[in-house]
Amino acid sequence: MARLGGTASFFGGLSRDLFGRKLHAALAAEGVDLSAAPRPDAPTALVMVSVDERGVPLYTFYGSGTADRMVTQADLASVPADAAAIHVGSYCMVVEPVASALRALVDRQRGRSLIVYDPNVRLTIEPDVDTWRESVRWMQRRADVLKVSEEDIHALYPGMRVDTFIAQSLEAGVALVVVTWGERGVVAVTRSQLAVEVPAVPVTVVDTVGAGDTFQAGLLAWLQRAGKLTRRAVEGLVQDELVEALRFAARAAAVTCSRRGADLPYTSELADVEGFEFF
């Protein structure tokens, strides 16, 4: 978000150990507001990332009782009530105590902030698929924007069609559902039944670590810059706006895929690409 010109704050547990201090310094250097980030007395979790022959990342997680999990409902007092958007997702929605804290935050901010969710399933961290499914169902009834990968849908619901998942999410109350299809691009559908497909940006893939996060950041950065970080604005997106938002996010994700690791792009790296001017 910050690299793409957005205003971003981080609410997540940052350890006071060496790794936590490095993470804190890196976020601060990128212009991320850390005033709401708890600093629990717990170690930093470690995740080892490798990639297969297709460039698809494989994650191995080390640690429990780590700072990322040690976020409690008492920490919510530091999160401003006037936050324009709240983004939650991945394993922090299924491990405790952070999951309960984030659910309380979602319920507190529902109707105040745009609630944005990306399941970002990591079965190597929490292998119980039913736990993930329950979290998704809970968020489908509360999220305004739901972004999910086709891979995650199939991991959660083997054999389920993507359009079935989209329909279920919209029926549950989601205003905008976005599904990324990897090299086949992205599809998005709103509650008003506006449906848009955007092709993937051609790129030589080095690896895909951080691609989904980049896409989500790009989508939110576009919405923020356009003054559309509200549920009403998202519901009222017209076709040209939604296409532009998805194309911007897809271009940003393509840049991330073109280099090693989760090295997300800056807006300046997109500005010289034809058709991707950011306002």
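This is a predicted model: local features need pLDDT of at least 70, side-chain atom pairs count only at pLDDT 80 or more; totals for chains, interfaces and linings use all residues.
Biologist: Let us start with charged pairs. How many salt bridges does the structure hold?

Modeller: A salt bridge pairs a side-chain nitrogen of Lys or Arg with a carboxyl oxygen of Asp or Glu, within 4 Å. The structure holds 14 of them. Take Arg-3 and Glu-30, whose side chains meet at 2.7 Å, N to O. This pair links distant parts of the chain. Arg-3 sits in the segment before H1, and Glu-30 in the loop between H1 and E1, 27 residues apart.

Biologist: Which residues are linked with Arg-3 and Glu-30 in a network of salt bridges?

Modeller: Arg-259, Asp-263 and Glu-269 join Arg-3 and Glu-30 in that network.

Biologist: How do I read accessibility? Is Asp-207 buried or exposed?

Modeller: Under 20% relative accessible area is buried, and over 50% is exposed. Asp-207 has 2%, so Asp-207 is buried. Its salt-bridge partner is Arg-260, at 3.6 Å, N to O. Arg-260 has 57%, so Arg-260 is exposed.

Biologist: Where do Asp-207 and Arg-260 lie?

Modeller: Asp-207 lies in the loop between strand E8 (195–198) and H6. Arg-260 lies in the loop between helix H8 (239–257) and helix H9 (268–271). The pair therefore ties together parts that are 53 residues apart in sequence.

Biologist: What about values between the two cut-offs? Why does Arg-3 count as partly exposed?

Modeller: Partly exposed covers the range between buried and exposed. Arg-3 counts as partly exposed because its relative accessibility is 22%. Glu-30, at 27%, is partly exposed too.

Biologist: Now a lysine. Is Lys-228 buried or exposed?

Modeller: Lys-228 is buried, at 19% relative accessible area. Lys-228 is found in the loop between helix H6 (211–225) and helix H7 (231–235). A polar contact of 3.4 Å joins its side chain to that of Glu-241. Lys-228 also touches other residues, including Trp-222, Leu-223 and Leu-237.

Biologist: And Asp-41, where does it lie?

Modeller: Asp-41 is in the loop between helix H1 (18–29) and strand E1 (46–51). Asp-41 is exposed, with 84% relative accessible area.

Biologist: Last, a pocket. Which residues lie nearest the centre of the second largest pocket?

Modeller: A pocket is an open space, so read its volume and then its lining. This one holds about 190 Å³ of space. Of 15 lining residues, Arg-110, Gly-111, Ser-113, Asp-144 and Arg-231 lie nearest the centre. By class, the lining has five nonpolar, four polar and six charged residues.

Note on methods
Residues are numbered from 1 along each chain as its sequence is written. Side-chain values use heavy atoms; hydrogens and water are left out. On a 1 Å grid over the protein atoms alone, a cavity is a set of points where a 1.4 Å probe fits but cannot get out, and a pocket is an open set with protein on both sides within 12 Å along at least five of seven lines; lining residues have an atom within 4 Å of a point. Grid points are joined across faces, edges and corners, and a volume is the space filled by probe spheres set on the points. Ala, Val, Leu, Ile, Met, Phe, Trp, Tyr, Cys and Pro count as nonpolar, Asp, Glu, Lys and Arg as charged, and the others, Gly among them, as polar. Helices (H or I, at least four residues) and strands (E, at least two) are DSSP runs, numbered from the N terminus. Buried means under 20% relative accessible area, exposed over 50%, partly exposed in between (1.4 Å probe, protein chains only). A polar contact is a pair of N or O atoms within 3.5 Å; within protein, one must be able to donate a hydrogen and the other to accept it, and residues adjacent in sequence count only if both atoms are side-chain atoms. Contact means heavy atoms within 4.5 Å. Lists of a residue's contacts leave out its neighbours within four places in sequence.
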